[in-house]
Amino acid sequence: MALVTLAEVLQPALRDGYAVAGLVTLGWEDMRAFVQAAEAENCPVILQAGPGCRAHTPLPVLGKMFRHLAEGASVPVVAHLDHGYTYDECSEALDSGFTSLMFDGSRKPLADNISETKQIADMAHSAGISCEGEIGFVGYSNGEKSAGTDPLEAARFATETGVDAMAISVGNVHLQENKEGGLDEARIAEIQALTSVPLVIHGGSGVPVEQRARLARETHICKFNIGTELRMAFGAALRGAVAADPERFDRVAILKDVEAPMVAATRRVLSAMKG
């Protein structure tokens, strides 16, 4: 269909009561499967290049890959920088053809986070693309912890930065391999009572699927980032493909067998958010 901005897919989601998946990519095989799944479900998709992906593949290459997939897709596709930590990194993503920049200043003092995020948002908007910011550091499973997002700080952040989407910390954590947690719905309600900006949940893999679906329908949460859940599916499919024929060594043939399981796993993720 077309390469689109983050705002172009999140504003309809906010209006109509559903969420769009931000899918964390690591390479060509998974990003291609993500687009195929979105086409099968007839829904938009956000392809995300996070720090791990960027350490493996340069931003200019990722931009071309995302744009190539988007230009041939029958559904809207967003090319999104996930967890950009510097102005230069965000600027490079913009120059590489990305249509959405996520600047993560959540570890910084509030005033610094606001001023630096606003700088990125202004740069993005001047170029006709979108910006996502994060207020209230989102922690990591078995790693850094989070005190959660303060609703008053979130309202100030949204107003002063002008971001198109706001990532919040409400019980979600990155890299969670199970779904035994859950989100703090009272805190979500407090935050959305003070701002109308679309809300984003990082670490969506750890959120029970039922809660994802319900919050997509009933709240301002318009984007769930999903990484770990689909990386686990990829790993399981890859192990199965290798084990199926121990004599096989051609990686293209092996990776071809991973595609169908990845499309199926991704369709399950997407279908739960469609409302």
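Reader: Is Asn-172 buried or exposed?
Author: This is a predicted model, numbered from 1 along each chain as its sequence is written. Local features need pLDDT of at least 70, side-chain atom pairs count only at pLDDT 80 or more, totals for chains, interfaces and linings use all residues, and side-chain values use heavy atoms, leaving out hydrogens and water. Buried is under 20% relative accessible area, exposed over 50%, partly exposed in between (1.4 Å probe, protein chains only). Asn-172 comes out at 3%, so it counts as buried.

Reader: Which elements does the loop with Asn-172 lie between?
Author: Helices (H or I, at least four residues) and strands (E, at least two) are DSSP runs counted from the N terminus. On that count, Asn-172 sits in the loop between β7 (165–168) and α8 (185–194).

Reader: What does Asn-172 touch, not counting residues up to four places away in sequence?
Author: Touching here is contact, heavy atoms within 4.5 Å. With those sequence neighbours set aside, Asn-172 touches Val-138, Gly-139, Leu-183, Ile-201 and His-202.

Reader: And Arg-239, buried or exposed?
Author: Arg-239 is found in helix α10. Because its relative accessibility is 58%, Arg-239 counts as exposed.

Reader: What separates the C-alpha atoms of Arg-239 and Val-258?
Author: Along the chain, Arg-239 and Val-258 are 19 residues apart.
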